[in-house]
Amino acid sequence: MSDPRDELAAADVISGGGEDFSAFAVSRWPGLVRLAFGLTGDRWAAEDLAQATLARAYVAWRRVSRADDPDAYLRRILVNASNRRFRRHRVTEQPGDPPETAVEGPAELVSDRAALLAALRQLPPRQRAVVVLRYWEDLTDAQIAATLGCSPGTVRSQLSRALAKLRESPALGEGEDR
Amino acid sequence: MSESGEAGLRERVHLLLQAVEPPMAPVDSIIRRGRARRLRRAGAVAGSLGLAGIIAAATLLLPPDAAVPPHPPLPVTVPASGIAGPGGVFASGTADGHAWRLAVENVADPGYRCLPAITVNGTDANLAQPNPRNYAATAFGPAAPGLGFAYVQLPAGVAGIVLDGQESVPAVTATVCGLRYRLAGFAYRLAHRPQVTAIGAAASYPLPSVGSLGTTTAAAGQNYGVWTNVGTPGAETEQGIVASGRGWSITVLLDAGGDCYHYESMTTPGTPQIGACGPVSTPAGPETIMALSLSYAPAGFHGPTGYAVQVSPETNRLRVTLSDGSTRLVTPRVVGGRKYAAFAVGTWLRLDRLTWLDAAGKAFASTTALPRSGYTQFQP
């Protein structure tokens, strides 16, 4: 026999707020995975975080579907979940070895991505989040502050520290302007 | 950073993240996860609201015998002297036909710096320094189904613990690596985590959940033999590269959370990587063979697999036999006073056999029972 609460949840999916949760999840999934990958540098963790984020959105679907900006809501959930994950699983956040020097041809692109990934992984989680939210999500200081639960001034200082560290990165320092 | 620098960084971040190709959205899985979360929340609310009423009703309606828990605590034997016995054993017993013993011992290979840890049956170590704010639990899964094992570090002045208000477990003093511990250990049924309270003090120790599968990847979710610590184990952390090649590496981080491996391949498209933790083997205990697969079924992605084995002190080389019949010799590296052998197997090959070789080159153990993902344990 099914659990009545389960049926309630299913009913939410069908009728919640006019937008079907499944369609919402499908449309947001790629962006969430990419954002999570930027925050974690780990594809499996990224997909797990994206799943966890959408599962939370499912629980609060009535609220999410009526929110002015559901994407901001998702971002907040994801960034918070990522920070919690960092505190729990130090090992996957250990900086990797520096990538090998780029070689010519298509490998150059791969190596460039690897260098950026390695440099991002050297940043503390909050600074990494600021960089990814600014340069991938193209959010303003105020939007980033709302996502992270801090002041815009803190965002600016975190960003400038992050950029300074990225400049110091041997893999990125020379090529930042290209 | 200049404006052009910022523009360059933006472009590179976009190139990096656009290169990530997510698989199809796992909508069913997301909804199942959401429902489970909703049920847990509903249960928690019901629990907090109804607990007082339930207790009151039980007190009023149930006969006195019904107050006894359905699973009384499992009996524990401790050294009568209050000092750990041979091998550092501070608690032992038999549960559902499984003999168990908890001990404090040095788990470093002979000749290396002492590495103190709590073990169950001489294996699956939890690195921990004396710290009265630490307690921990683990489970063995199929090797001891339904059973968990735990210890509590106690401050001076606390005589021991009581399980479910019934079974007293006196504190035992144990010394290893020049460090002095005060410990109380016990086994319990996972279906019923006992209430653990300190004798003569208000302190309680809510045991962590162990032996469950909590994440979406098998390798990361498997946790039998890995300890879950509460408080600060104060363990030393050791880290090092155990194998590397052109564009790939396998590192190990050893601490209270287990032997945690990280495998990444920079030369594989998408620069995939995986991290997973396994039990900490002891020099005489079974060795953990960890497979770190970069293949990813939902995306139809086939990648190489990294393998890492924490090998016994007498292991000089590990012979790797692959599915094409070729063999390779792998030389272990020492990290934190323990030997690890690691290697990577290419995308279209399979690991068929591992053979342990001693200093004379003589094979002394071999196995074909090898994981494709996650870990297994093998006694050479």
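## Chain A: order of elements

From the N terminus on, chain A runs α-α-α-α-α-α-α-α-α-α, which comes to ten helices and zero strands. Helices here are DSSP runs of H or I with at least four residues, strands are runs of E with at least two, and both are numbered from the N terminus. This is a predicted model, in which local features need pLDDT of at least 70, side-chain atom pairs count only at pLDDT 80 or more, and totals for chains, interfaces and linings use all residues. Residues are numbered from 1 along each chain as its sequence is written, while chains are lettered from A and ligands numbered from 1 in the order in which they are written.

Of the 178 residues of chain A, 45% count as buried. A residue is buried if 20 or more other C-beta atoms lie within 10 Å of its own, exposed if 12 or fewer, and partly exposed in between, with C-beta atoms placed from the backbone.

Helix H7 (residues 125-135) of chain A is mostly covered, with nine of its eleven residues buried. Among them are A:Val130, A:Val131, A:Val132 and A:Leu133, and also A:Arg128 and A:Arg134.

Helix H9 (residues 152-168) of chain A has 17 residues, which at 1.5 Å a residue should span 24 Å; its end C-alpha atoms are 24 Å apart, which agrees. The expected span is 1.5 Å times one less than the number of residues. Buried in H9(A) are A:Val155, A:Gln158, A:Leu159, A:Ala162, A:Leu163 and A:Leu166. Seen down the axis of H9(A), the buried residues fall within an arc of 135 degrees, so they line one face of the helix. The arc is taken from the directions from the helix axis to the C-beta atoms. The face turned away from this buried side carries the exposed residues A:Gly153, A:Ala164 and A:Glu168.

## A sheet in chain B

In chain B, three strands form an open antiparallel sheet in the order E8-E7-E11. Strands pair if DSSP finds at least two bridges between them. Strand E8 (167-170) and strand E11 (196-198) are the edge strands, each pairing on one side only. Three bridges join E7 (residues 160-163) to E11(B), and B:Leu163 stands opposite B:Val196 in E11(B).

## The nonpolar core

The largest nonpolar core has 145 residues. Such a core is a set of buried Ala, Val, Leu, Ile, Met, Phe, Trp, Tyr and Cys residues joined through C-beta atoms within 7 Å. Its largest share, eleven residues, comes from helix H3 (residues 43-59) of chain A.
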